[in-house]
Amino acid sequence: MTRLSNVWSRLFRSYSIGLAVLIVIAVLAFLTPDFLRVDNLLNVLANASIVGIVGLGMTLAIASGMFDLSVGATAAFAGCIAMSLVPDYGILLGVIGGLIAGAVVGLSNGVIITELRVPAFIATMAMMTIVRGITLIYTDGKDLYLYGNPAYKVLTRRLFDTVPMPVIIVLALLAILSLVVTQTRFGRHVLAVGSNLPAAKRSGVRTSLVIWGVFTIVGVTAAMTGMIVSAQVLTANARLNFGLELQAIAVVVIGGTALTGGRVNLVGTLLGAVLVAAINNGLNLLNVPIFYQEVTVGVLLLAALAINVGHGFNPLTYLRRQS
Amino acid sequence: MSVPGDCGPPLLRAQGISRRFPGVLALDNVDFDVSPGEVHALVGENGAGKSTLINIMAGVYQPSAGTLEVKGRRMVLPNPASAQQAGINVIFQEFSLIPDLSVAENIFLNREATRGLRIDWDTMHRRTAEVCRLLQIELDPKVAVRELPVAQQQLVEIARALAFDAQVVVMDEPTAALSEVEIDRLLQLVRSLADRGVAVVYVSHKLGEVFGVADRITVLRDGKRILTEPRSALTEEQVVSAMVGRELVHTECPPRTPGKVVLAVRGLGSGKAVRNVSFELRAGEVLGLAGLMGSGCTAAVETLFGLRPMTSGEVMLSGKALLMHGPRAAIRAGIGYVPEDRKRAGILPDLSILHNITIGVLERIRRLAVIDAKKEQSIMDEYGGKLSIRYSSPAQRAANLSGGNQQKVILARALAENCQVLLLAEPTRGVDVGAKAEIYSLIDMLVESGIAVLLQSSELPELIRLADRCLVFSSGEPRGELVRGELTQPAVMALATGLANGQAELKLLRRDPLGQEAA
Amino acid sequence: MTALSTTKAKLIPSTLDWDVMWERYGITAVLLGVWAVAAVTTPNFATTDNFLNVLRQGSFVGVAAIGMTIAIISGTFDLSVGTALALVAWLTLWVGGHAGIPAALAVGVGAGVLMGIINGLLVTRVRIPAFVATLGMYYVIRGFSFIISKNAPATFRAPSFTWLGNGSVGFLPVPFIVLIVCALIGAAVLRYTAFGRYVYAQGSNSVAAMVAGVPLQSVTIMVFVVIGLFNSIAAILVGSRLYSTTPGLEPGFELRVIATVVLGGTRLSGGRGSMLGTVSAALLFATLSNVLNLLHADPFLQRVVEGLVLLVALSIEGIRQRIAERVSRTKEVPIEK
Amino acid sequence: MFSKRFMAVLGLILVVAVVLSGCGAAKVEGKKKIGFSVYDMQYGFFQDMERGTREAAAAAGYDYVLVDEKSSESTMVSSATDLINQGISALIISPFKPDALGPIVDAAKAKGIPVVVNDIGGGGTAYDVIVISDNYNGGVMAAVEMDRLIAAAGKPKKVASITCEASAVYAARRNQGFEAKIKELGYEVVATLSGNSRMEEGYKVMQDILAANPDVAGAFSCNDPMAVGAAQAISDAGKSGSTDIFVIGFNADTIALEAIKAGNMAGTIQQVPYEMGKMTVDLATKLMNGEKLKYDTEKEREIFVPVNLINASNVDTLLVK
């Protein structure tokens with residue numbers, strides 16, 4: 001009986017989100033013809049990918065039973081690092097520098113959590129302020145810009161004038177992370193840590209290393225997002241990507257990954273990102289004021305979880321342990 | 001079957017091991033060793049230092065002093081992985097599986113077969129199948145552990161320890177969640193392991209098992225080693241007194257004088273788990289519920305307490321029909337419940353003993369929203385005293401109590417709700433010998449005072465010691481009732497397995513902790 | 001029989017006392033220490049006006065943190081307090097401007113409690129994990145308050161109202177008095193009522209609490225109501241302090257409140273925590289930013305420092321544990337034979 | 001009714017509180033001290049304003065104390081109070097939320113400290129003087145310029161208006177001025193959307209505006225970051241923000257000037273934060289010496305600072321400095 005219900009909820013979880021996307025697209029197409037125009041759809045996909053990239057990282061964090069509230073700050077930080085390097089060292093090194101910056105922040109999150117034993121929620125919350133501050137100091141609160149060197153646009157330019165780069169990046173990332181999660185020891189150990197940390201420890205899993213790995217990945221994805229955003233506007237500053245952390249968590253949750261850890265739904269996360277992006281875009285096309293968009297996101301979140309009842313408030317689930 | 005313990009060089013030797021935790025000396029200069037082909041039982045009451053020693057052998061803790069030798073080579077085991085590499089595999093008592101991962105992954109956790117970077121699923125599934133065959137259990141390697149019943153989960157844990165050519169296998173209370181049949185199979189398995197030259201460290205409260213399987217027995221008490229002798233040189237009485245450090249007055253079941261019917265259950269059912277359960281329970285009587293894992297006796301108790309939806313039948317409590325609205329309603333109606341899974345469903349670790357006991361009666365002892373401290377204290381004194389709970393102060397956190405005392409706290413909680421009917425599920429699981437005896441005589445005392453007890457237990461000796469009558473369940477239904485005297489292992493197994501009495505050879509020498517013959 | 005004679009077991013390991021002491025009084029000690037140091041080192045810190053201003057500033061987050069403390073002890077959580085604060089403050093001032101103080105207070109508190117109930121129902125009845133339920137409400141409430149306010153600021157300058165946030169009784173600032181009163185009430189509820197006991201029970205082990213007959217659902221709903229209550233008091237104080245608010249008031253308030261509670265020694269996973277710690281933590285944060293201002297610290301640096309302090313304060317316990325373990329892990333010692 | 005320990009500790013806090021607060025008032029040195037509370041040092045605009053204030057204060061031989069409101073009204077009130085409690089002789093403030101100036105002005109008045117408001121707004125409080133650049137007319141100015149450009153290029157009379165975050169009430173006047181004037185000039189405002197004052201959202205919003213109205217001919221943004229973002233969205237769409245769709249921003253942040261120079265943006269409305277900063281210090285001096293001020297509006301005690309139009313023709317003059 002348990003098994004059956006699990007199968008069902010799993011099916012439902014993976015399909016309900018896709019269903020929602022289709023419905024929303026249909027409605028928007030009906031409300032405004034502009035929505036279905038190829039250009040617009042590509043923009044929606046691009047914007048979805050930008051949140052999706054960090055969303056994928058966040059999915060991993062949540063699967064390991066953690067959170068990262070510092071991704072917004074990390075994204076801004078990495079964006080600034082990269083932008084400041086490009087003029088002297090060129091695009092490639094700049095991007096690498098940005099990725100390293102993200103990795104460093106992520107890793108320090110992990111170390112703080114495992115070595116100083118600060119709960120992930122608080123640790124990353126503190127890092128959020130710290131990293132923003134550091135970025136401000138690094139940039140002296142000024143804007144960094146690259147009008148002289150639009151080549152940096154490579155991160156957002158459309159390949160062969162069709163597929164936007166972010167979409168390609170996010171798909172590649174999806175492929176890689178899916179492989180990592182399903183096919184590698186690290187991936188399985190991430191789920192183990194999220195599912196039952198003490199047991200994983202006792203079985204000899206290097207839980208600290210796993211957690212460091214997860215947060216490093218989150219940091220790197222955040223860096224990617226940050227660099228793409230600053231490539232869009234050819235500018236980087238400490239204020240970019242404000243509130244990205246909540247967006248990222250939102251798409252993960254809407255995508256149907258359980259907050260209880262131990263399970264992932266990477267595809268769902270991307271669909272969640274598409275859903276949110278599509279709705280915001282549609283409401284903009286319809287010239288709807290921004291705060292209606294926030295209400296929609298909120299309702300969406302609640303709806304998404306109302307659907308996936310079960311891992312919610314239900315102490316009786318302990319009876320499931322008996323067959 | 002027995003290999004003399006002192007033959008062959010020890011495979012694992014611990015010398016002069018001490019482990020100090022801030023404030024306590026958990027192990028005090030303990031020597032312990034185990035040789036290939038030997039089953040070395042490690043017994044002792046809770047807090048005697050068994051689990052500390054195990055954790056040191058498993059590389060979870062480091063000794064404060066002393067050395068470990070594996071095959072005569074000095075070793076430091078900084079972490080569990082290193083212990084595994086040294087060929088030491090531990091089956092921990094607490095549930096240590098990853099619910100969201102598959103059987104195969106759990107068995108191979110942290111030792112996954114890999115091809116390059118990728119996990120080699122074929123090999124893992126194949127070898128899982130092999131292990132299962134070895135254990136004579138059917139498990140789908142691909143199914144997620146959270147979807148298995150507890151008993152099978154326990155088997156997965158065991159399979160995990162045996163999946164690798166382990167040289168040393170440490171089993172900490174491996175039978176806690178197992179039914180008779182499964183226990184028998186497990187003990188046979190342990191034996192065959194030893195015969196294949198594996199060194200087995202077997203930790204258990206159940207002396208029956210210990211004497212059934214061990215070659216040598218070591219007793220720990222208060223962190224010190226009390227004795228290490230070949231089993232043949234020991235009687236259970238000696239072991240018990242070595243464990244508790246005093247002669248235990250061994251108690252018989254006092255004569256009972258049941259009163260009028262308190263609880264009448266007719267055609268009780270809950271989904272597929274429980275079907276048409278009917279019985280009458282009298283004041284001052286103990287009705288046992290026996291059955292294998294998943295036979296429905298546990299579920300029946302949970303249904304009576306409102307933890308499972310009652311889908312059919314009726315329950316009359318002293319004449320009045322009882323509506324099942326969940327635990328609160330049951331408690332109000334006068335039903336007390338001591339859950340099977342103390343950690344998960346019983347104790348409130350962060351609350352003081354006092355608060356743990358009174359949690360259920362707060363509404364009764366408050367004057368306009370404010371809890372009456374005096375009344376609360378008096379409840380504490382009454383039941384704390386009656387159950388002789390050992391604590392340093394009523395403000396002590398329940399988390400720091402021994403299993404036995406925690407169990408007594410939960411019992412006190414049920415009594416404080418002054419219930420007429422007491423539902424006991426596995427009242428002595430994970431409780432050590434001394435405390436067990438106390439809890440038995442407590443139950444006698446309560447029954448004496450006219451409380452009706454429904455006792456669900458997987459330990460037959462317990463049922464024999466306590467129950468006046470016993471309902472035996474299988475596949476969700478009671479298959480028959482045995483009264484005191486008829487209550488023997490073969491009879492129970494026959495009903496429980498639904499087989500002819502010929503199955504009696506399933507029986508293995510099992511006795512109750514206090515050393516009298518079970519059957 | 002011997003086994004039944006009551007005997008007192010050996011005392012609990014001494015470390016536990018340390019834990020308890022640190023949990024209950026650690027942050028308070030830190031606060032007093034910081035005050036002492038600041039009084040000596042920081043010019044103008046120990047002046048009447050400035051110090052009272054610190055007490056005043058700490059009180060606003062502090063009052064909201066009282067409710068959050070109870071919530072976190074019970075093992076749940078509320079991310080919507082920030083936007084709820086903005087909405088309540090706006091409503092209070094707007095109603096105050098139109099219908100006078102009593103109505104304003106009534107509406108303010110009413111709104112806060114209502115939002116609490118909604119959160120509670122989402123968590124218990126719809127069974128959405130508190131984290132996401134309140135995250136959703138965070139967006140919904142913010143959008144809603146922009147919509148009803150049509151994004152105009154609400155202003156209410158009646159002296160008798162602004163006194164709440166800016167006045168003093170004797171020399172003590174009103175908000176600080178409110179904070180102390182709220183803290184005492186909160187502590188009393190936790191200590192002396194069945195509800196308080198249930199809060200700890202549920203946070204400590206919800207399954208066991210249910211089996212022991214704790215009405216989980218009503219407790220949870222009640223908890224969110226309590227948050228709403230204290231949060232709306234905080235909102236009223238803030239509104240009164242500012243004379244005027246917009247729906248965009250105080251972004252990130254929820255995180256500051258949670259940080260305060262956790263810094264106060266309440267365990268994020270529930271079951272343990274105290275009001276005293278929360279009050280001290282609130283005052284500590286206020287003191288910190290005040291001192292940084294008095295020292296003319298670079299605004300950018302201030303952000304870093306505030307984050308670091310939070311980390312350090314929360315690391316102390318973890319580091320202490322590690323040290324304790326390392327001490328008791330003295331490696332191999334030669335065995336005397 | 002509480003445990004002794006609890007009450008004891010609580011008592012201890014109170015005692016220490018009383019002791020500390022009993023230590024008398026701040027000592028005022030001979031040198032006069034100017035306190036400046038800045039809106040948010042994260043923004044280039046306010047960095048310039050702060051520089052102007054600081055340098056002027058130094059030139060006049062004052063001590064100078066800065067606090068950052070970090071875009072939060074309660075931080076604004078608390079840190080301004082911190083200033084007042086340090087015994088400053090004059091308070092200069094660029095308020096994050098003018099309506100919340102009330103308690104600050106009251107506190108300052110109670111100590112006889114003059115209050116000079118720098119830009120944003122006065123919130124109808126009892127400040128002594130406010131130096132304010134004319135947001136509304138800035139918007140009008142942008143409308144006129146945009147009309148000139150669009151007419152010259154002979155494009156359809158369709159424009160978009162990008163607003164700051166919903167709560168930035170005073171900046172919203174720029175869009176009001178722009179929309180009023182541009183409509184008056186016979187244009188259609190096809191979209192009014194918020195980019196939350198943030199560059200990346202300005203980019204997104206512009207994308208969506210383009211999708212819905214491919215024939216939009218101009219876009220006015222409430223601040224420069226969003227304008228820059230919008231301009232990038234336009235160039236990503238293969239058009240130009242200075243020749244195809246005319247983007248005009250507000251503030252003349254360096255980044256916008258660079259964008260204009262690079263031909264990504266048509267223009268911006270310049271405010272002169274640096275000069276405004278210097279001005280406020282002079283006004284503070286006058287007030288401290290009890291001189292009478294000349295206001296542009298007696299009632300509101302406003303002194304207007306002209307705003308100028310910046311476009312490709314005159315952008316270089318600014319970039320040199």
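Modeller: A residue counts as buried if 20 or more other C-beta atoms lie within 10 Å of its own, as exposed if 12 or fewer do, and as partly exposed in between. In this predicted model, Leu302(A) has 19 other C-beta atoms within 10 Å and is therefore partly exposed. Leu302(A) belongs to helix H11 of chain A, which covers residues 290-307. Leaving aside neighbours within four places in sequence, Leu302(A) is in contact with Leu122(C), Ile128(C), Ala133(C) and Gly136(C). Within chain A, Val253(A) is 49 residues away along the chain, and its C-alpha atom is separated from that of Leu302(A) by 9.6 Å.

Chain C also holds helix H3, residues 81-99, where 16 of the 19 residues are buried, so H3(C) is largely enclosed by the rest of the structure. At 1.5 Å a residue, H3(C) should span 27 Å, and the 25 Å between its end C-alpha atoms agrees with this. Gly100(C) follows the helix and has a positive phi, near 90°.

The largest nonpolar core has 500 residues, and Leu423(B) and Leu85(C) have the most contacts inside it. Its largest share, 17 residues, comes from helix H3 of chain A, residues 71-115. Leaving aside neighbours within four places in sequence, the contacts of Leu423(B) include Val301(B), Leu304(B), Phe305(B), Ile335(B) and Leu454(B). Gly336(B), Tyr337(B) and Val338(B) are also among the contacts of Leu423(B).

How values were computed:
Residues are numbered from 1 along each chain as its sequence is written. Chains are lettered from A and ligands numbered from 1 in the order in which they are written. This is a predicted model: local features need pLDDT of at least 70, side-chain atom pairs count only at pLDDT 80 or more; totals for chains, interfaces and linings use all residues. A nonpolar core is a set of buried Ala, Val, Leu, Ile, Met, Phe, Trp, Tyr and Cys residues joined through C-beta atoms within 7 Å. Helices (H or I, at least four residues) and strands (E, at least two) are DSSP runs, numbered from the N terminus. Two residues are in contact if their C-beta atoms, placed from the backbone, lie within 7 Å. The expected span of a helix is 1.5 Å times one less than its number of residues.
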